[in-house]
Amino acid sequence: MYGYLTPVGGGDPFPLSKKELVVGRHRSCDIVLNYSNVSGKHCKLVLSEGYWYVQDLQSTNGVKVNGNKVTDRRVDPGVPLAISKHNFKLQYDPRKNGATGLPPDSMLSGGDLLSQSLLQRAGLERAKPSDTVADEVMQVETPEQPAADSSTSPVMQHPPQDFFSELVFD
């Protein structure tokens, strides 16, 4: 046993009997929360280096740790955890679960800091698909000049020769 997920305000605690548990409304989940505002597979609880982490599984109503919406976060013992609008606390002893030294990174996937924007890491923005418009090179047509053929000419082109002759400086 690695601890308990205890409902705030009463109710039976859920034993944390495996190092990875899926929480959600679907009956195939390890911890079933039969509430309409909980997604089928809402989040995952993962034990790493003696500490529990919560990972949102792209749920509709999100996950909060200590009142802050998160997608991936360490949940220290006794810190409030909200799954949708249902409040819990994780009760466990990191030392009994194998923790040594200082607590590990606050994110389970913390090794790759540049994989998400700060807004995504804070849970304020969802990840965008990889093929966004920003990833494509855009060319602009001007009346004097037809669109450049990307196979034969560079993306950026110089202005026409007579462009500078039309400028007036006072």
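Keep in mind throughout that the model is predicted. The protein has 170 residues, and 31% of them count as buried. Its accessible surface comes to about 11,700 Å², with 53% of that belonging to carbon and sulfur atoms. On contacts: taking those with a separation of 6 or more, 38% are between residues 24 or more positions apart.

Now the elements. There are 11 strands and one helix.

I will take the five-stranded sheet to begin with. What is the order of its strands? The order is S4-S3-S5-S6-S9, the sheet is open, and the pairing is mixed. Strand S4, residues 31-32, and strand S9, residues 72-75, stand at the edges; each has a single partner strand, so one side of each has no neighbour in the sheet.

The parallel pairing to point out is that of S3, residues 20-24, with S4, over two bridges. There, Gly 24 stands opposite Val 32 of S4.

Next, S5, residues 43-48, which pairs with S6 in the antiparallel sense over six bridges. Leu 47 has Trp 52 in S6 as its bridge partner. The hairpin of S5 and S6 has two residues between the strands, and Glu 49 takes a positive phi near 55° in that hairpin.

On its other pairing, S6 meets S9, again antiparallel, over four bridges. Val 54 is opposite Arg 73 in S9.

S6 deserves a moment by itself. Are its residues buried or exposed? Strand S6 covers residues 51-56, and six of its six residues are buried. As a general point, side chains in a regular strand alternate between the two faces of the sheet. In S6, Tyr 51, Tyr 53 and Gln 55 point one way, while Trp 52, Val 54 and Asp 56 point the other way. Residues on both sides are buried, Gln 55 and Asp 56 included.

Now the other sheet. It is open too, with six strands in the order S2-S1-S11-S10-S7-S8 and antiparallel pairing. Its edges are strand S2, 14-15, and strand S8, 68-70; each has a single partner strand, so one side of each is left without a neighbour in the sheet. At the S2 end, two bridges join S2 to the antiparallel S1, residues 4-7. Leu 5 has Phe 14 in S2 as its bridge partner.

Which residues have the most contacts inside the largest nonpolar core? They are Leu 45, Val 54, Leu 81 and Leu 90, in a core of 24 residues. The elements giving two or more residues to this core are S3, S5, S6, S7 (63-65), S10 (80-83) and S11 (86-91). S6 gives the largest share, four residues. In general, nonpolar side chains in soluble globular proteins tend to be buried together.

To finish, look at Leu 90. Setting aside neighbours within four places in sequence, its contacts include Tyr 4, Leu 5 and Leu 16. Leu 45 and Trp 52 are also among the contacts of Leu 90. A further run of contacts includes Val 75, Asp 76, Pro 77, Gly 78 and Val 79, and Leu 81 is another partner of Leu 90.

Definitions and conventions. Residues are numbered from 1 along each chain as its sequence is written. This is a predicted model: local features need pLDDT of at least 70, side-chain atom pairs count only at pLDDT 80 or more; totals for chains, interfaces and linings use all residues. Side-chain values use heavy atoms; hydrogens and water are left out. Buried means under 20% relative accessible area, exposed over 50%, partly exposed in between (1.4 Å probe, protein chains only). Contact means heavy atoms within 4.5 Å. Accessible areas come from the Shrake-Rupley method with a 1.4 Å probe; for residues, only the protein chains shown count as cover. Two strands pair if DSSP finds at least two bridges between them. A nonpolar core is a set of buried Ala, Val, Leu, Ile, Met, Phe, Trp, Tyr and Cys residues joined through side-chain atoms within 4.5 Å.
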